[in-house]
Amino acid sequence: MRTFSLIPKLIARKWHLIDASEAPMGRVATTAASLLIGKHKVTQSAHLDSGDFVIVINSDKLVITGNKTLGKLYRRHSGYPGGLREKSLKDLAAENSAKIIWQAVRGMLPDNKLRKSRLGRLKIYPGSEHPHAGQNPEPVSMSERGNK
């Protein structure tokens, strides 16, 4: 018996559709990150990018629980003295709701050479329309997913 080793030409990518208005922000982000990594596949390999494409719709209707709207801060620093910039989740949601999901998914992906290509397969849209209908994305039900 031989050990199976995945090679890039054997990677088959599917498209998944997640509705951000169905579940809290963390549940949406963990589901998207898991699909981007490919953890749901039997052939998942840590050294190859074997994940699928993920479309997240309704990012404007993102469910945020607890006191995160005012308590959660997004910080960035220019590198110069006094260059710290902060935005609350409420301000960022009003400006660009897709950035919230993108940041959450980015934080859940491993920090390695594959993260950039995985994030390239994440498509986030503020409304319910998306231009990827030709790829026949499979809807991911957040209630069925559970704690996998």
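This report walks through the fold, the sheet, the hairpin and some individual residues of the chain shown above.

## About the model

The model is predicted: local features need pLDDT of at least 70 and side-chain atom pairs count only at pLDDT 80 or more, while totals for chains, interfaces and linings use all residues. Residues are numbered from 1 along each chain as its sequence is written, and side-chain values use heavy atoms, with hydrogens and water left out.

## Overall picture

Let's start with the whole chain. Its secondary structure comes to 6 helices and 6 strands, where helices (H or I, at least four residues) and strands (E, at least two) are DSSP runs numbered from the N terminus. The C-alpha trace spans about 60 × 35 × 30 Å along its principal axes.

Of the 148 residues in the chain, 40% are buried; buried means under 20% relative accessible area, exposed means over 50%, and partly exposed is in between, using a 1.4 Å probe and protein chains only. The accessible surface of the chain comes to about 9,300 Å², and carbon and sulfur atoms hold 51% of that surface. These areas come from the Shrake-Rupley method with a 1.4 Å probe, and for residues only the protein chains shown count as cover. Among contacts between residues at least 6 apart in sequence, 66% join residues at least 24 apart, a contact being heavy atoms within 4.5 Å.

## The parallel sheet and its helices

Four strands make an open sheet with parallel pairing, in the order β5-β2-β1-β6. Two strands pair if DSSP finds at least two bridges between them. The edges belong to β5 (122-124) and β6 (138-139); each has a single partner strand, so one side of each is left without a neighbour in the sheet. Further in, β1 and β2 run parallel and are joined by 5 bridges, and Ile18 has Val56 in β2 as its bridge partner.

Helix α1 (residues 25-37) lies across β1, β2 and β5, and runs at about 175 degrees to β1. Helix α4 (residues 97-108) also packs on the sheet, where α4 touches β2 and β5 and makes about 155 degrees with the direction of β5. For these angles, axes are lines fitted to C-alpha atoms, for helices over the stretch in contact, and values run from 0 to 180 degrees between N-to-C directions.

Strand β1 is mostly covered, with 5 of its 5 residues buried. Trp15, Leu17 and Asp19 are buried on one side, and His16 and Ile18 on the other. Trp15 counts as buried because its relative accessibility is 14%.

The structure holds 1 aromatic pair. The ring centres of Trp15 and Phe53 are 4.2 Å apart and their planes are at 5 degrees, so the pair is stacked. Rings of Phe, Tyr and Trp (its six-membered ring) pair if their centres lie within 6.5 Å; planes under 30 degrees apart count as stacked, over 60 as edge-to-face and the rest as tilted. This pair links distant parts of the chain, with Trp15 in β1 (residues 15-19) and Phe53 in β2 (residues 53-57), 38 residues apart.

## The β3-β4 hairpin

Strands β3 (residues 73-77) and β4 (residues 84-88) pair in the antiparallel sense over 5 bridges. Here Arg75 stands opposite Glu86 in β4. The hairpin has 6 residues between the strands, and Gly79 takes a positive phi near 100 degrees.

The charged end of Lys72 sits over the ring of Tyr74, 5.2 Å from its centre. That description applies if NZ of Lys or CZ of Arg is within 6 Å of the ring centre and within 35 degrees of the ring normal.

## Residues to look at individually

Most residues other than glycine have a negative phi. Asn58, which is not a glycine, has a positive phi of about 60 degrees. Asn58 is found in the loop between β2 and α2 (68-71) and is buried, with a relative accessible area of 7%. Asn136 has a positive phi too, near 50 degrees. Asn136 lies in the loop between β5 and β6 and counts as exposed at 61% relative accessibility.

Ile7 has its place in the segment before β1 and, at 35% relative accessibility, counts as partly exposed.
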